Amino acid sequence: MRTVYVNGDYLPENEAKVSIFDRGFLMADGVYEVTSVLGGKLIDFGGHLARLERSLAELDMDKPEGFDDLLEIHRELVRLNGIEEGMIYLQVTRGAPGGRDFAFPDPEVTKPTLVLFTQNKPGLAANPVAKKGIKVISIEDIRWGRRDIKTVQLLYPSMGKMMAKKAGCDDAWMVQDGAVTEGTSNNAYIVKGNKIITRQLSHDILHGITRAAVLRFAQEAQMEVEERAFTIAEAQAADEAFITSASTFVMPVVEIDGAKVGTGAPGNVAARLREIYLDESLKAAV
Ligand code: PDD
């Protein structure tokens, strides 16, 4: 049985409880982070912590008690659960005011809820899917306008994943005004020659921590990076396509809406970026 963390306590998972009045449960009034663990260490912890702080600030949510100890809490959960490869999920909500009201509760009275748990994924780095790539469909992006805040309102991305499954694919890329925003739970890229193209940062997409690292490594490896929007047609005609996220790292995309990308097999650029990302991130892991 897992040991999880709830508001200051490490508890067996079946004893960990959150109120039915919690605003995360009633209003999706919460934010989250997913940090991967490789070799028993945290990948890009600093990036995830900084984004969490930003998400909280954008929503006027107080930092939870324990915020300053988050590195220790992550490490303790890795230790207690013996995680070599996997993920740590963290969620902060605006707490449980003891009722339901659209207005935010008084932060002096209602304190944020902080929950963390581990997901053990042996073989995460050596994921065989990276060798064959994934297939995506495109769907309209009907999410709200602040996708840069990592909130727990994930119903539409979940529906997108189900639409993809129904179509015999692995994931969906979302499209707004004719251009790809991002994947349901990842950032989207195409490759043309030596150039990596990915949508520019704005309120329209999540500012991926893996994205930032991969673009930095790409530039250090003398690859060209262009941050701009692209269409599904442009992606289908590209040499390669791939996604990035904390749980998939760099994952090739080999088919978009039934059309093969490039040869229909994972490309060299994605493979190389995955290798560099894993190497460099492991070196910097805490
Ligand atoms: N998802 N875009 C969206 C919509 C995401 O949900 C995620 C992450 C990303 C990639 O961000 P990062 O590189 O920081 O993981 C982009 C996480 C992994 C999840 O929901 O499980």
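**A conversation about the model**

Guide: Let us begin with Gln-200, which is partly exposed, with a relative accessible area of 32%. Please keep in mind throughout that this is a predicted model.

Visitor: Where does Gln-200 lie?
Guide: Gln-200 belongs to the loop between β11 (195–198) and α6 (209–220).

Visitor: And what does Gln-200 touch?
Guide: Leaving aside residues up to four places away in sequence, Gln-200 touches Ile-205, Arg-211, Glu-227, Arg-228 and Ala-229. With Ala-229 there is a polar approach: a polar atom of the Gln-200 side chain lies 3.2 Å from the backbone nitrogen of Ala-229.

Visitor: How many Å separate the C-alpha atoms of Gln-200 and Ile-20?
Guide: Their C-alpha atoms are separated by 39 Å, and the two residues are 180 residues apart along the chain.

Visitor: Let us step back. Which domains does the protein chain have?
Guide: The domain assignment gives domain 1 (3–120) and domain 2 (129–284). Their C-alpha centres lie 26 Å apart. The contact between them draws 20 residues from domain 1 and 21 residues from domain 2.

Visitor: What area is buried between domain 1 and domain 2?
Guide: The buried area is about 1,800 Å², and carbon and sulfur atoms give 65% of that area.

Visitor: How many salt bridges cross the interface of domain 1 and domain 2?
Guide: Two salt bridges are found across that interface. As for individual pairs, Glu-58 forms a salt bridge with Arg-146, and the closest N and O atoms are 2.8 Å apart.

Visitor: How many salt bridges does the count come to?
Guide: The count comes to 22 salt bridges. One of them joins Asp-29 to Arg-94, with the closest N and O atoms 2.6 Å apart. This pair links distant parts of the chain, 65 residues apart: Asp-29 is in the loop between α1 (23–27) and β3, while Arg-94 is in the loop between β5 and β6 (113–120).

Visitor: Are Asp-29 and Arg-94 buried or exposed?
Guide: Both Asp-29 and Arg-94 are buried.

Visitor: Which side chain meets Asp-141 in a salt bridge at 3.4 Å?
Guide: That is the side chain of Arg-147, the 3.4 Å being taken from N to O. Asp-141 also forms a salt bridge with Arg-143, where the closest N and O atoms are 2.9 Å apart.

Visitor: Why do Asp-141 and Arg-147 count as buried?
Guide: Buried means under 20% relative accessible area. Asp-141 is buried because its relative accessible area is 6%. Arg-147 counts as buried because its relative accessibility is 7%.

Visitor: Which residues are linked in a network of salt bridges?
Guide: Lys-192, Lys-195, Glu-226, Arg-228 and Glu-234 are linked in such a network.

Visitor: A change of topic: what can you tell me about the backbone at Ala-28?
Guide: Ala-28 has a positive phi of about 55°, although it is not a glycine. Ala-28 is found in the loop between α1 and β3, and at 25% relative accessibility Ala-28 counts as partly exposed.

Visitor: And what is the phi of Asp-44?
Guide: Asp-44 has a positive phi of about 55°, and Asp-44 is not a glycine either. Asp-44 lies in the loop between β4 (41–42) and α2.

How values were computed: Residues are numbered from 1 along each chain as its sequence is written. This is a predicted model: local features need pLDDT of at least 70, side-chain atom pairs count only at pLDDT 80 or more; totals for chains, interfaces and linings use all residues. Side-chain values use heavy atoms; hydrogens and water are left out. Domain bounds come from an automatic or database domain assignment. Contact means heavy atoms within 4.5 Å. Buried area is the accessible area (1.4 Å probe) that two parts lose on being put together, summed over both. A salt bridge is a side-chain nitrogen of Lys or Arg within 4 Å of a carboxyl oxygen of Asp or Glu. Helices (H or I, at least four residues) and strands (E, at least two) are DSSP runs, numbered from the N terminus. Buried means under 20% relative accessible area, exposed over 50%, partly exposed in between (1.4 Å probe, protein chains only). A polar contact is a pair of N or O atoms within 3.5 Å; within protein, one must be able to donate a hydrogen and the other to accept it, and residues adjacent in sequence count only if both atoms are side-chain atoms.
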